[in-house]
Amino acid sequence: KESAVLNFNELFDTSKSIESKGAKVQLTQEAWVRVRSTASPEFRKVLKDLYRPYETFMANGGTLGDDVQEEITCRSIAKGLLTEWGGFQVDNEPLGEYTEEAGFNLCMRSARFRDWVWEQAKSAKNFRDEHAVEAAGKG
């Protein structure tokens, strides 16, 4: 009897190029976002830059307030993870092209949206290859 062996590569190997440029993830036939990986150097730099002003404070045992933490989270998503979107409307108005400020505002407005973006940015399946990226939003 053969034992089941987990193929590490199939689960965790990703395209570094797609992680950095972003994977297009469909929400509906019309609505989509392009999101970078949380493992991308671009996101890591954004996060480091956002926490830099608080390094000494935190190193001395300080804790960031919920409002500061929420702003850092939303800024990191808007600047480091989201890169494009299309097919959205908010309050019956087209959202238009992606901007960091629009991404930040939507993240601040909806914890569910930012959680969804975060989950997409963490999911290895979204960053495997172009075929897998296109299928990621459908499965």
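This is a predicted model: local features need pLDDT of at least 70, side-chain atom pairs count only at pLDDT 80 or more; totals for chains, interfaces and linings use all residues.
**View 1. Strands β1 and β2 form a hairpin with five residues between them.** Strands here are DSSP runs of E with at least two residues, and helices are runs of H or I with at least four, both numbered from the N terminus. β1 covers residues 23-26 and β2 covers residues 32-35; they run antiparallel and are joined by four bridges. Two strands count as paired if DSSP finds at least two bridges between them. Residues are numbered from 1 along each chain as its sequence is written, and side-chain values use heavy atoms, without hydrogens or water.

**View 2. β2 also pairs with strand β3 (residues 82-86).** The pairing is antiparallel, over four bridges. Find Arg 34 here: its bridge partner in β3 is Glu 84.

**View 3. Helix α5 (residues 66-81) crosses helix α7 (residues 111-122) at roughly 50°.** Their axes, lines fitted to C-alpha atoms over the stretch in contact, with angles from 0 to 180 degrees between N-to-C directions, come within 11 Å.

**View 4. Residues of α5 meet residues of α7.** From α5 come Glu 70, Thr 73, Cys 74, Ile 77 and Leu 81, and from α7 Arg 114, Val 117, Trp 118 and Ala 121; contact means heavy atoms within 4.5 Å.
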